[in-house]
Amino acid sequence: MYIRKLNIENEYGDSVFVWGARQTGKTTWLKENFPNCRYYDLLRPAEFNRLLAHPELLSQELDAMGEADTVIIDEIQKLPQLLDEVHYLIQSRGIRFILSGSSARKLRRLGTNLLGGRAYREQMFPLVSAEIPDFDLIRAVNNGMIPRHYMVQNAQRRLQGYVGVYLDEEIQQEALARNLTSFSHFLEAAAKSDGEMLVYKNVAQDCGIDVRTVKEYFSILEDTLLAYFVPGFTSSKKRKAIVSPKFYLFDVGLVNFLLHRSNLQPGSADFGHAFEHLIIQEIIAYLGYTHSSEKLSYWRTASGYEVDAIIGEGRIAIEIKSATEVQSRHTHGLKAFSEDFPEAKLYIVSLDKYKRNLNGVAVLPALEFLKDLWEGKII
């Protein structure tokens with residue numbers, strides 16, 4: 001069993017939306033942490049159909065319960081009209097709701113009642129290294145960190161099934177895209193941009209779709225929590241920075257599957273790309289779970305200097321290299337960045353055996369960096 005980093009308890013006992021991509025472990029976590037709560041699972045056809053026909057049943061059943069402290073509704077995006085009942089019960093009965101789902105896109109598109117600020121938002125990410133006893137870096141780079149995928153030796157068949165379920169249940173059933181075949185081709189083309197600056201026209205040419213549709217499809221990926229964008233850092237003064245965002249799918253295993261990458265080992269270019277993605281994935285999850293006010297960005301200049309991760313307004317700069325022995329040339333981007341931000345903490349995450357200092361840069365082996373990250377020693 002994994003002890004997840006998500007924590008939704010607060011001193012006020014507020015209601016909460018818990019969003020997360022499919023199979024990140026929301027349902028398992030809810031049942032483990034709230035075993036005695038009334039639980040409505042909208043993935044069950046019988047439950048869905050009766051509440052679809054009569055949303056008022058929710059109020060009637062909870063009124064009959066007497067004292068109700070916390071009520072869970074799983075996959076709330078499948079039945080948006082239920083939120084009017086939830087709103088009423090929060091106001092009239094003071095019931096705390098935990099509302100989970102994989103996307104708020106449908107709710108926003110329909111102009112649905114999102115409870116007027118009476119429920120805050122949390123996100124569950126794929127597994128992170130700090131949740132896994134005896135964390136295996138090579139397995140994580142290959143399989144990704146979705147719980148069902150990480151735990152097996154070879155996740156290819158499960159990843160194939162994951163993509164199929166996503167296309168069928170998230171895209172087709174929720175009518176998020178008009179042409180499922182077109183979206184499927186787009187998804188494969190988008191994976192080629194993972195970890196790169198996003199150029200819409202290149203993706204459009206790759207999959208034979210117009211740019212406007214490609215932009216809409218990227219928006220769907222973001223809204224269904226399957227992807228995110230890392231903006232360019234633009235606060236440097238001495239060098240002109242590039243502002244285009246980088247694009248990442250939410251889990252490195254999914255990228256590997258879509259790009260037909262497997263059995264990745266240190267020393268290959270594909271391993272290097274996947275390794276960088278995994279570290280970025282962990283940083284994003286850390287910032288999310290700790291509710292950090294600092295944002296993640298990357299830095300690239302017109303003259304070619306680059307740093308993979310900038311935290312906040314230049315407070316921390318992190319370069320990610322899968323080299324087994326970092327060299328001086330690997331520090332050039334960080335050193336250039338420090339000319340604008342001399343107080344910045346500079347790190348290289350690598351496969352070095354031991355941590356060391358190189359040209360004023362802290363070189364940290366990946367496992368040590370991840371341990372320090374989750375212990376709050378990096379950010």
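Because the model is predicted, local features were considered at pLDDT of at least 70 and side-chain atom pairs at pLDDT 80 or more, whereas totals for chains, interfaces and linings use all residues. Residues are numbered from 1 along each chain as its sequence is written, and side-chain values rest on heavy atoms, with hydrogens and water left out.

The secondary structure of the chain comes to 15 helices and 14 strands, where helices (H or I, at least four residues) and strands (E, at least two) are DSSP runs numbered from the N terminus. The radius of gyration of the chain is 22 Å, which agrees with the value near 21 Å that a compact globule of 379 residues would have; the radius is taken over C-alpha atoms, and the globule rule is 2.2 Å times the number of residues to the power 0.38. Taken along the principal axes, the C-alpha atoms fill a box of roughly 70 × 50 × 45 Å. Of the 379 residues, 55% count as buried, a term that stands for under 20% relative accessible area, with exposed meaning over 50% and partly exposed the range in between (1.4 Å probe, protein chains only). Among the contacts in the chain with a separation of 6 or more, 68% come from residues 24 or more positions apart, a contact being heavy atoms within 4.5 Å.

Two packed helices are described by the angle between their axes and the distance between the axes; the axes are lines fitted to C-alpha atoms, for helices over the stretch in contact, and the angles run from 0 to 180 degrees between N-to-C directions. Helix α13 (residues 269–289) packs on helix α15 (residues 366–374) at an angle of about 10 degrees, with the axes 10 Å apart, which makes α13 roughly parallel to α15. Angles under 35 degrees count as roughly parallel, over 145 as roughly antiparallel, 65 to 115 as roughly perpendicular and the rest as oblique. On the α13 side the contact includes Phe275, Ile279 and Glu282, and on the α15 side it includes Phe369, Leu373 and Trp374. By class, this contact of α13 with α15 has eleven nonpolar, no polar and one charged residues, where Ala, Val, Leu, Ile, Met, Phe, Trp, Tyr, Cys and Pro count as nonpolar, Asp, Glu, Lys and Arg as charged, and the others, Gly among them, as polar.

Helix α9 (residues 180–191) and helix α11 (residues 211–223) pack at an angle of about 80 degrees, with their axes 11 Å apart, so that α9 is roughly perpendicular to α11. Here Ser182, Phe183, Phe186, Leu187 and Ala190 of α9 meet Val214, Tyr217, Phe218, Ile220 and Leu221 of α11, and the residues of the contact divide into nine nonpolar, one polar and no charged.

Asp63, found in helix α3 (residues 57–64), counts as partly exposed at 43% relative accessibility. Its C-alpha atom is separated by 9.1 Å from that of Leu89, 26 residues apart along the chain, and, residues up to four places away in sequence not being counted, Asp63 touches Leu89 and Arg93.

A nonpolar core is a set of buried Ala, Val, Leu, Ile, Met, Phe, Trp, Tyr and Cys residues joined through side-chain atoms within 4.5 Å. In the largest nonpolar core, of 116 residues, Phe97, Phe186, Leu221, Ile283 and Ile318 touch the most other members, and α13 gives the most to this core, with twelve residues. Apart from it lies another core, of 17 residues, among them Val326, Ala336, Phe337 and Ile348.

Backbone geometry was also considered. Most residues other than glycine have a negative phi. Asn263, in the loop between α12 (252–258) and α13, has a positive phi near 50 degrees and counts as exposed at 61% relative accessibility. His291, placed in the loop between α13 and β9 (296–300), has a positive phi of about 55 degrees.
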